[in-house]
Amino acid sequence: MEPPEKKQRTEEVAAEGEKKPDAEMPAAEEKAPEPPKELEEDAPPAKTNPRIKADAKFLVPDTTLNVMPSTCGNVMIPLTDGGIQHFFAGARANVGVKSGRYMFEVKVVELMTPTEDHGPQNRTPKPKQILRLGFTTAKASNIMAEADTGSVWFDSDGGFARGEPRTWVGEAFSRDAVVAVLLNLDESSPNANTISLFKNGVRASQPQALPEALKGQTLYPTISWKCMALHVNLGKDPITPLPFTCRMVADASAKDATITEYKPPAKDGKYEVVFPVGLPDEGVFEWLKMFHDKNPGYAELSDQMILSWAERSGIWRSRGYAMRSSNDKPELTFGIPELDDGSIHRVLRSVAPLQARNFVCMELKSGLIKQDRQEMLAKFSSSGFKKVSIVLMGEPTSEFKKRTNELVLKQKQATADIEFRAKKIEEKRRRDAERKQTEIERAKKKAEREKKKAERELKKKAEAEKKAAEEKAAAEKAAAEKAAAEKAAEEKKEGDDADTEKKDESMEAKEDKPEEAPQPAEEKDAEMKDKEKDEESEESEDEKEEPQAEEQDEKPPAVELTPEEKNKWFFKPTIPDLTTHALGMLLSSISLPTKDEGFDDVKFEWHKQVKAQEYMKQWVLDRKMTTRIEDLTPSEWFKGKWAKWQKLQQQWHSKLSVYKAAVAKKEAEKGAKAAKKAAEEAAAKRAAAAAAAQKENEEKTADGEAKDKEKETVEEATADEKKQEEPEEEEEPPKVDFANLDVFGVEDAQDVGGGEPLFKEFQFEDWTMMGLRFELHLLVHAFRHDVDDPERLGIHLEHLGYYYNRYYKKALSTKYYGVDTYNDLIDLVNDAVYVTTQNLVDSQLDAEMECWDIFVKLTEEARRYRGLRLALGEEAAKLKLSQPQFSTPSHGQGSGSGSGSGYRGGGNNKGWGSGGKGWNNYDRGNKGWGGKGYHHQQRGHPAAQGGMPRTVAPRTVRPPNRQTWQANNASMGK
């Protein structure tokens, strides 16, 4: 049996359980929410308002190139060959709605599944079949995308977009479903400015509000789809009626609609194909934008159009769509084999001539080459097109200049805005840092005040305790004295009254004394209170925050164009129109179009033909100076010269090694002879001294004169014997005054006299600089030889490193030579090469010479001049070459390794190039170069323009020798 309490709780739970189903019963019987009431009403009966007279249809200019409409029934089929199946097809109707309520219908007839490559790298966009239907403005693209502010649409997946990311608001649909899009612009309707979707006559989405940007605009029925065959109904009668009557687009009132019309073809019925011809980076693509604004019915055929089409179709691109190497030929790589193989060009070339529309073929490079122009004309060989070339060269029109100023101003303003915002951010960061520092200092002061306050409180408490203790002790003492006095008074009871009074006075004085003590303490308390008051006021002042200036949303200042910017003809694009390689290939074959090539008309929109020809010629000359040639390869002529130089360097190093070995051998032999002679002389002196001492001891009594005579006879005989024994020394060849040698008067650099080479004093830096002289000299002449273009006068200084690496297969590092720029590098060897006024590198020497001793002579002269400058304290004359990692090679007998060019080692190193013969044409009389030795005619030089060859090296100042240097210093009193 259960306890009473437990039994009671059990009954309560059972009672609640019986009541609970009754409470939940209304919720179980609750019905699903009813759909919103349909607010759309039947269209009013037809009145006398006139209807539009034009047929509602899709005009060819308002469809993409991959749309193939049927001849009847408005069946739209997209192309699916050559990768174009991945691109959206788009079509916009010719009837636009600006008021009222109208609808159109679409039925999916077929789902198309073209074959695709399903490799691992394939990035085919999903889904394959999709349909978007809605309304767009006249200037919006007929390929509707999520980010479009000029379109509003539903898709077959149930999505909805109006210039922002898609949302799912309706039902999905597929084949055989009839979907209707209703646009309500009737201001009197509760659903005004909304768009709705119906599927098979039933509402598939609630009315969706139009974005503010589209209110008041004329909107056109538009469809975008891929891999589907569609039947579009714009007619007066719907395929599937709605729950209420609604008029179709084709039945629109004239006051509610706008009809799109395009300029009809010429009287001969031919459509126009425009071929723009202009120069790279000189406004051709900006002109194209202006052309499209004025002529909306022209379809563009270009690679940039294909790239834009792919972007609107949602095809993924690895580097995004903003990255491209050029505007004319952007990279069409998407990771989809059907698109990457370029077959889409073949499809468009086949389809374009079959469509009744106008075209503009924007091929910048091909438009400047005659052969390419003829190939483009061949695509439109039928008689149904008029082929027109528009040449855009020279000074543009005032309208185009105005657009250029707008673009320049826009770019300048954007740059200024970025700088302004960066400045504001920096100012805010500085203010925040100052504010933070102020708060830290304020908190520090507050902590100090709190610490002092705590110390004061402790001190005050201690003083109060001390005061209380003193008062207590004084009171106890006074009480004890009073008790003692009373006791004494009681005991005596007799005495003099005067004594009693005195005693009472003394007692009163004692009682009054403790009361006088607090006066100094009170003063201290007052002082402490004053301090506390001052600190509190200081704290209140610190706590008062400085008023902060409110951060206003200041607008960046407006910028203005300078006179130079206003006079600009063209806006420099961020992305070049042509790549450097394409531009280099173009310069040799550029030409203007003519009617003989097959054009029906050639129009010169800017400069007329004669001036345009002159302008183009000058432009080509300027670009040839500054544009590098990407496909230039070294010729056999260069390779032969380079091999000869390597062999000659090897010969010179071998000669230097032999000379230094011979000098070392002579010095060793001379030293050995001197040592031997000194030893013999010392031995002879010691022997003579010993003999003389012995004879002096033995013949002390002999006559002194006889002894002396005998001694002299012995010494003469000894001397004669030594003379006979000593061999006659070889006569040394006459020495050359190498220090004062006229370098350019030497006939053979390998033997200036006595077997001495002119390069006997060369060190690492001298060999390096001589190699640089020859390499740059040969590079200049090899470039001219291999280019074989009289209009290319030399290598532009900016491209020196590129061509040097192209020919010598190594980098030209200015840091290795201790300089920063190529100009500084040329200054180190300006006796061999120099920079012209056109910023071109040219050589001081001829390409063909009998021998190359001149490079040794130039290097030796520069070495001497550098030595003189260093002796005078000019530290700037010192070369700052980067030394190699290996030690400097000796030129004695030794072995080397490696082959080819480079300074690899001394001795019999075979790493040096081929050689030549001596310098035989030196004119000793005038100290110059004559004959075939050293002359060079510079292209573009005044002497060259006059036809007079230059026969003397164009050196501005020849470094003086030591004699002239000393004479000059003496005359100046130094």
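How are α16 and α17 oriented to each other? The tour of this predicted model begins with that pair.

**First stop: two helices.** Select residues 764–787, which form helix α16, and residues 800–808, which form helix α17. Their axes come within 10 Å and cross at roughly 85°. An angle of 65 to 115 degrees counts as roughly perpendicular, and α16 and α17 are therefore roughly perpendicular to each other. Next, display the side chains where the helices meet: α16 contributes residues including Phe-774, Leu-778 and Phe-783, while α17 contributes Leu-800, Tyr-803, Tyr-804, Tyr-807 and Tyr-808. By class, this contact has eleven nonpolar, no polar and two charged residues.

**Second stop: a sheet.** Select the seven strands that form an open sheet in the order β1-β4-β15-β7-β8-β9-β10, with antiparallel pairing. At its edges stand β1 (58–63) and β10 (167–168); each has a single partner strand, so one side of each is left without a neighbour in the sheet. Then select β7 (residues 130–136) and β8 (residues 151–155), which are joined by five bridges. Thr-136 has Ser-151 in β8 as its bridge partner.

Select Phe-87, Phe-334, Phe-359, Phe-380 and Met-393, the residues with the most contacts inside the largest nonpolar core, which has 69 residues. Helix α2 (residues 284–294) supplies the largest share of this core, six residues. Centre the view on Phe-380: beyond its neighbours within four places in sequence, its contacts include Val-273, Phe-275, Leu-301, Phe-359 and Lys-387. Finally, select Trp-642, Phe-764, Ile-826 and Leu-845, which are among the 56 residues of another core, lying apart from the largest one.

Technical notes:
Residues are numbered from 1 along each chain as its sequence is written. This is a predicted model: local features need pLDDT of at least 70, side-chain atom pairs count only at pLDDT 80 or more; totals for chains, interfaces and linings use all residues. Side-chain values use heavy atoms; hydrogens and water are left out. A nonpolar core is a set of buried Ala, Val, Leu, Ile, Met, Phe, Trp, Tyr and Cys residues joined through side-chain atoms within 4.5 Å. Buried means under 20% relative accessible area, exposed over 50%, partly exposed in between (1.4 Å probe, protein chains only). Helices (H or I, at least four residues) and strands (E, at least two) are DSSP runs, numbered from the N terminus. Contact means heavy atoms within 4.5 Å. Two strands pair if DSSP finds at least two bridges between them. Axes are lines fitted to C-alpha atoms, for helices over the stretch in contact, and angles run from 0 to 180 degrees between N-to-C directions. Angles under 35 degrees count as roughly parallel, over 145 as roughly antiparallel, 65 to 115 as roughly perpendicular and the rest as oblique. Ala, Val, Leu, Ile, Met, Phe, Trp, Tyr, Cys and Pro count as nonpolar, Asp, Glu, Lys and Arg as charged, and the others, Gly among them, as polar.
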